[in-house]
Amino acid sequence: MRKSIAALAVSFTLAGCAGEAAERTAPSPSPTADAKAAVVAAFAPLTSGTPMYTITYEQLGAVVRVQRDHAADATFTTLSITVTDDDRAMAFQTYRVGEDVFSRLDVSQLPPGTVPEDRQISTWVRTGPERPARITTGTDQLAVTPDEVAAAILTAQQQTPSRISGTVDLTAIVPERFDTPEARTATFGAELYGDGSIAYFTVNLRAKGQTTRPFQFRGLGQATDTLPAVPKSGQYREAQPSFYTMELPLD
C-alpha cells in the first residue's frame with residue numbers, strides 16, 4: 001500500500017526510510033531428505049561475517065536493506081518507504097556501532113514542503129543506549145534477523161532441489177505488523193542458492209478470500225564492500241528531545 005504525499009505530511013506533523021540489492025542467480029543445490037532442516041540451515045550463513053539481506057513489505061510499500069559486520073558489532077540499515085504514486089521514496093538510515101546509534105532521513109526525492117523542515121534530519125543524529133527513539137525502534141522491528149525468520153518456520157516440503165515450500169508463523173517474525181489467526185499459519189515459498197543458502201523466502205497470506213504477499217526475505221550473501229565510515233565529531237549532532245518522539249509514517 002503506497003502512501004500519498006498528503007498522508008505523509010500528516011504523519012510527520014504528528015511524528016517524525018533505500019535498498020537496491022545486487023542480483024544473484026540461484027542454481028540448484030543438492031537434494032536433501034529433511035526440507036525443514038534445509039531451509040532453516042539456509043539462513044545460517046547470514047548470521048556471521050558481513051552478511052547483507054533485504055526485507056520487503058509489499059503492503060507497506062517498504063523495503064529494508066541490512067548490512068552487518070558481526071566482528072565490528074556494526075549494522076547499517078536503510079528503510080525505504082514509497083510515499084507517492086510515481087514511486088518516489090523517502091529513506092531512513094540507521095547506523096548502529098556498539099551502543100551508539102546514528103540516524104538520518106533522506107527526503108530529496110520528495111517535493112519541497114512534503115516533510116516540515118523541523119522534521120528533516122539530513123545530517124547524522126546520534127542517540128545513546130539510555131533512551132531509544134521511537135523511529136529507530138520502529139525500523140528495528142521491520143529489520144528482522146535471519147534467525148528470527150528461521151525460528152518461525154513450522155513445516156516444509158521439498159518441491160525441487162532448490163525450492164522448498166511450507167508454513168510459517170508470521171506473527172513470530174513481525175508481531176507488531178501481523179497478529180491474526182491466518183498469519184500464524186501463513187505459507188511460504190523458498191528458493192536456495194547453489195551452496196544451500198537462502199535466496200528468497202516469500203510469505204503468502206490468505207485472508208477474506210484473498211491472497212497477499214506481505215513479507216519477503218532476500219539473502220544477498222557476504223558483503224565485499226566495507227560499511228561506511230562511522231560519523232566523527234563534527235559530522236553528527238546530538239538528538240534533540242523532538243527526535244525521540246518521531247515515528248515511522250506507516251499505517
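Modeller: Happy to! This is a predicted model, so to speak of local features we need pLDDT of at least 70, and side-chain atom pairs count only at pLDDT 80 or more, while totals for chains, interfaces and linings use all residues. Residues are numbered from 1 along each chain as its sequence is written, and side-chain values use heavy atoms, with hydrogens and water left out.

Colleague: How many aromatic pairs does the structure hold?

Modeller: Rings of Phe, Tyr and Trp (its six-membered ring) pair if their centres lie within 6.5 Å; planes under 30 degrees apart count as stacked, over 60 as edge-to-face and the rest as tilted. By that rule, the number of aromatic pairs in the structure is 10.

Colleague: What is the angle between the planes of Tyr 53 and Phe 217?

Modeller: These two rings form a stacked pair, 4.9 Å centre to centre, with 20° between the planes. The pair links distant parts of the chain, 164 residues apart: Tyr 53 is in strand β1 (residues 51-57) and Phe 217 in strand β11 (residues 210-222). Helices (H or I, at least four residues) and strands (E, at least two) are DSSP runs, numbered from the N terminus. So, back to the angle between the planes: 20°.

Colleague: Is Phe 217 buried or exposed?

Modeller: Buried means under 20% relative accessible area, exposed over 50%, and partly exposed in between (1.4 Å probe, protein chains only). Tyr 53 has 4% relative accessibility and therefore counts as buried. Phe 217 has 0%, so Phe 217 counts as buried.

Colleague: In β10, what is the bridge partner of Phe 188?

Modeller: Two strands pair if DSSP finds at least two bridges between them. β9 and β10 pair in the antiparallel sense over six bridges. In β10, the partner of Phe 188 is Val 203.

Colleague: Why are the buried residues of α3 on the same side?

Modeller: In helix α3 (residues 134-142), the buried residues are Ile 135, Thr 136, Gly 138, Thr 139 and Leu 142. They lie on the same side of α3 because they cover an arc of only 155° around the axis. That arc is the one of the directions from the helix axis to the C-beta atoms. The value to remember is 155°.

Colleague: Which residue meets Arg 96 in a salt bridge?

Modeller: A salt bridge is a side-chain nitrogen of Lys or Arg within 4 Å of a carboxyl oxygen of Asp or Glu, and the structure holds five. For Arg 96 the N to O distance is 2.4 Å, and the partner is Asp 140.

Colleague: How many residues apart are Arg 126 and Glu 238?

Modeller: Arg 126 forms a salt bridge with Glu 238, with the closest N and O atoms 2.6 Å apart. Arg 126 is in strand β6 (residues 124-127) and Glu 238 in strand β12 (residues 236-238), so this pair links distant parts of the chain. Their separation in residues is 112.

Colleague: Is Asp 179 buried or exposed?

Modeller: The side chains of Asp 179 and Arg 184 meet in a salt bridge (3.2 Å, N to O). Arg 184, at 40% relative accessible area, is partly exposed. Asp 179 has a relative accessible area of 56%, so Asp 179 is exposed.
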